[in-house]
Amino acid sequence: MTEYRGWIHQRQKELMRQWYARLDESARTGWPPAICLMISGNCVEVLEAFGIVPLYPEVNALQLAIRHQALGPILAAEEFGYATDNCAYVKADIGAYLIGVTPTGGKLPRPALVLCNFVGCNTYIKWFEHVATFLEAPLYVLDVPFLRDEEPSPADVAYVVAQLRELVQRIEEITGLRFDMDRFREAVRCSQRVEELWSRIKYLAQRVPSPFDAYFDAITLMGPLYVHRARPEGVEFFRLALAELEAKAARGEGVYDRERFRVVIEGPPPYPYFRAFRDMFARWRATAVASTYSTVGGIWEFGFRHDPEKPFETVALHMLAHNLTNRNYLQRYDQIRRYVQQWRADGVIIHFVKSCRLFSAGQGDMRDYFTKVLGVPTLYIESDLEDPRYFAEAQIRNRVDAFFEALERHKRASAV
Amino acid sequence: MDELLRRCEEIVRDVGFATVRRWKAEHPDGKAIAYFPVYAPVEVIAAAGMLPVGLHGAGDRLELQHADARFGSFICSIVKTTLELGLTGRLAPFDGMLFSSICDSARNLCFVLKRNFPQLYVDFLHLPHNAASASSREFLRSEYARLKAALEQLAGREVKDERLREMIVRYNENRRLIRGLYEWRAEEPHRIRAWELYVLVRAGNFLPVEEHTALLREAYDGFARRQAKPRDSIRVLVESAFCEQPPLGLIRLLEEAGCYLVEDDFTLGRRWFTADIPTDGDPLQALAESYLDRSVTSSVRHDWRRPRFRVLIEKVRARRAQAVIFLIAKFCEPAYFDYVLFKRELEREGIPHLLLEFEEKMYTFERLQTEVETFVEALLFE
């Protein structure tokens with residue numbers, strides 16, 4: 001089954017190569033300094049203001065998985081003391097360090113600072129404590145209060161802003177660099193533009209047929225989104241990506257020759273079997289028109305933007321309220337509900353991943369809500385995002401097939 | 001003494017929450033707030049005229065009929081048995097439930113309960129993970145003020161500072177007695193059995209503080225009168241059972257297999273502070289600062305000023321423990337992660353350790369017993 005592979009896919013590979021080249025340079029020459037941080041609700045704009053290169057262990061972990069190199073590091077980490085039931089992202093990342101493997105074969109720098117931007121996922125704190133310990137690097141835990149209510153309170157915002165300012169001071173002390181407010185505003189302005197462009201891309205998926213897959217193709221776009229969001233090349237990439245997809249939409253082209261199903265996908269993908277998983281949907285010509293995974297780093301389709309006039313405050317708001325992981329579980333139900341309704345989906349696919357309890361704990365209740373309360377057809381499948389040992393291909397394919405067969409009958413019956 | 005301990009065991013094992021029902025019958029306007037399950041600022045709840053109840057799931061006393069399907073594979077038992085308590089109507093005596101940022105599964109449970117039990121007051125406290133930042137003090141104070149306001153609304157009355165201070169005094173006294181028992185046990189572990197101290201302390205989760213304090217005093221007298229002879233046992237520190245609690249049978253087994261438990265982290269919330277909370281000044285500030293600066297270490301509280309693996313070594317030395325046994329609940333990710341750094345540090349220091357995985361619902365312990373006995377023998381005869 002063929003699906004769309006355009007300029008976007010080539011260009012994102014180049015951008016990711018550029019990023020790894022910067023990391024390699026940092027590792028070899030010590031310049032520019034690198035800082036480790038997490039994808040979710042990240043504050044990469046602060047790093048950009050210093051000209052510091054971000055190092056995302058999650059991206060390394062997923063690159064290892066998608067290149068089928070994760071199992072060795074995972075086993076090394078288990079040998080070292082990690083449990084089979086620990087997050088495999090962490091095991092792949094730490095294990096790769098233990099056995100001296102990197103996703104590209106290039107070098108990764110020792111971070112000047114291990115910055116745990118704690119947004120929801122407790123595993124982040126443990127992971128970064130371990131990274132800091134093993135690499136003997138300083139650790140800063142930027143504690144972001146979990147979103148207990150609909151909106152963050154003024155105390156929540158003040159707390160995060162105070163820590164961001166503390167972080168700036170800490171980076172100055174460690175690297176000897178001076179914080180440049182103009183550069184910070186410029187980084188925030190780049191993010192604002194990227195967010196606008198990315199959001200417009202996401203709305204293109206409301207078209208029937210959708211010109212791109214908001215799960216599988218969105219993941220392709222997520223690399224540049226996190227690594228280059230606050231940089232001019234990020235803006236340029238998303239400007240051209242939008243233009244390409246708009247042109248496709250104008251021609252009435254979908255992901256497949258004829259779009260048969262529209263689904264919303266919840267949960268991260270099984271990276272070690274990314275291709276096989278995509279094919280399970282492609283054979284039914286089922287397009288994901290929205291996904292929660294593509295909002296881990298930020299939710300922009302509902303209007304939030306960084307603002308260069310209020311850089312610290314909006315970086316704080318992004319971390320607090322406008323990324324998937326720091327929002328509460330019922331807000332996620334609501335996000336999916338909006339997707340189903342506004343993006344006109346036929347059903348919801350819930351992919352439970354063993355590694356990530358933040359995503360997966362309680363997804364049975366989520367299914368209960370969508371099927372029983374909202375009457376939305378829902379498929380629940382289980383595997384893992386990183387560990388290849390938990391992907392039962394035949395079993396998952398059978399369930400996916402059965403789901404779409406039932407959906408087809410359902411659609412036919414409703415059409416009568 | 002036997003009668004007292006039997007009563008405590010009964011309270012701990014009761015998934016019908018008879019003590020909570022009794023308290024509510026005696027206090028017709030009173031509300032009961034369950035907190036899950038490690039730490040909560042109980043003083044604020046009690047000052048609002050409510051009964052704080054430490055809820056650690058249902059252990060081995062409840063079959064899962066509904067909750068398994070809601071939480072799926074690879075999720076720890078305590079999350080499921082707690083939801084099962086709700087789905088089988090057993091949380092009826094409670095008016096509210098309080099959660100905090102201990103782990104990802106617990107956090108999602110908070111909101112699953114909120115959806116399924118809209119009549120309950122369900123709240124989530126964000127306890128800071130950046131204790132080194134001065135801003136965390138002000139933040140946590142505001143978080144406690146938010147909780148106080150929510151409880152005031154639920155109770156329909158204002159909580160005065162005086163009342164809060166009074167509760168701090170009462171809980172300080174209670175915690176002091178528990179700390180004293182732990183000290184005493186470390187000195188004379190043959191006198192105070194691990195399972196006895198466990199039920200005695202945990203019973204406090206289900207009782208008004210004054211009643212539990214009285215019970216602890218009674219236990220002091222009982223232990224003092226007891227004739228007990230030292231046994232051939234090794235001194236062991238137990239770590240990692242801070243949330244889901246091991247079956248009582250497993251705690252008994254450790255002692256029978258030749259371990260003196262000289263330190264543990266069972267129901268840690270009942271002795272959360274290493275020193276009294278100050279009773280002068282602003283009580284919410286005192287509670288917040290105590291959480292940040294006077295808390296015990298735990299795998300669910302992050303404070304990089306003193307890495308937990310270093311504190312573990314300090315605890316081993318202070319209690320003169322010969323070995324560490326990790327009791328890790330199946331699927332407990334905070335414990336699994338900390339184990340890696342703990343293990344590394346213990347090996348650097350040459351301290352023997354053993355990892356045992358358990359589940360709430362465990363009825364036979366033969367395999368674990370063999371493991372513990374082998375471990376103990378190796379140490380006794382080395």
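**Figure 1. An open sheet of four strands in chain A of the predicted model**. The strands of chain A follow the order S6-S5-S7-S8, and their pairing is parallel. From one strand to the next, the twist averages 30°.

**Figure 2. Pairing of S5 and S7 in chain A**. Strand S5 (residues 261-266) and strand S7 (residues 347-353) of chain A run parallel and are joined by four bridges. Opposite A:Val263 stands A:Gly347, in S7(A).

**Figure 3. Helix H16 of chain A on the sheet strands**. Helix H16 (residues 393-415) of chain A lies across S5, S6, S7 and S8 of chain A. Relative to S8(A), helix H16 of chain A runs at about 175°.

**Figure 4. Surroundings of A:Cys116 in the largest nonpolar core**. This core holds 278 residues, and those touching the most other members are A:Ile35, A:Cys116, A:Phe128, A:Val264, B:Leu254 and B:Ala329. Beyond its neighbours within four places in sequence, A:Cys116 is in contact with A:Met38, A:Tyr124, A:Ile125, A:Phe128, A:Leu139, A:Tyr140, A:Val141 and A:Leu142.

**Figure 5. The contact between chain A and chain B**. In this view, 43 residues of chain A are in contact with 40 residues of chain B. Elements of chain A giving two or more residues to its side are helix H6 (122-135), strand S4 (139-143), helix H7 (154-175), helix H13 (329-342), helix H14 (357-360) and helix H15 (363-373). H6(A) supplies the largest share, seven residues. By residue class, the side of chain A that touches chain B comprises 20 nonpolar, twelve polar and eleven charged residues.

Definitions and conventions:
Residues are numbered from 1 along each chain as its sequence is written. Chains are lettered from A and ligands numbered from 1 in the order in which they are written. This is a predicted model: local features need pLDDT of at least 70, side-chain atom pairs count only at pLDDT 80 or more; totals for chains, interfaces and linings use all residues. Two residues are in contact if their C-beta atoms, placed from the backbone, lie within 7 Å. Ala, Val, Leu, Ile, Met, Phe, Trp, Tyr, Cys and Pro count as nonpolar, Asp, Glu, Lys and Arg as charged, and the others, Gly among them, as polar. A nonpolar core is a set of buried Ala, Val, Leu, Ile, Met, Phe, Trp, Tyr and Cys residues joined through C-beta atoms within 7 Å. A residue is buried if 20 or more other C-beta atoms lie within 10 Å of its own, exposed if 12 or fewer, and partly exposed in between; C-beta atoms are placed from the backbone. Two strands pair if DSSP finds at least two bridges between them. Axes are lines fitted to C-alpha atoms, for helices over the stretch in contact, and angles run from 0 to 180 degrees between N-to-C directions.
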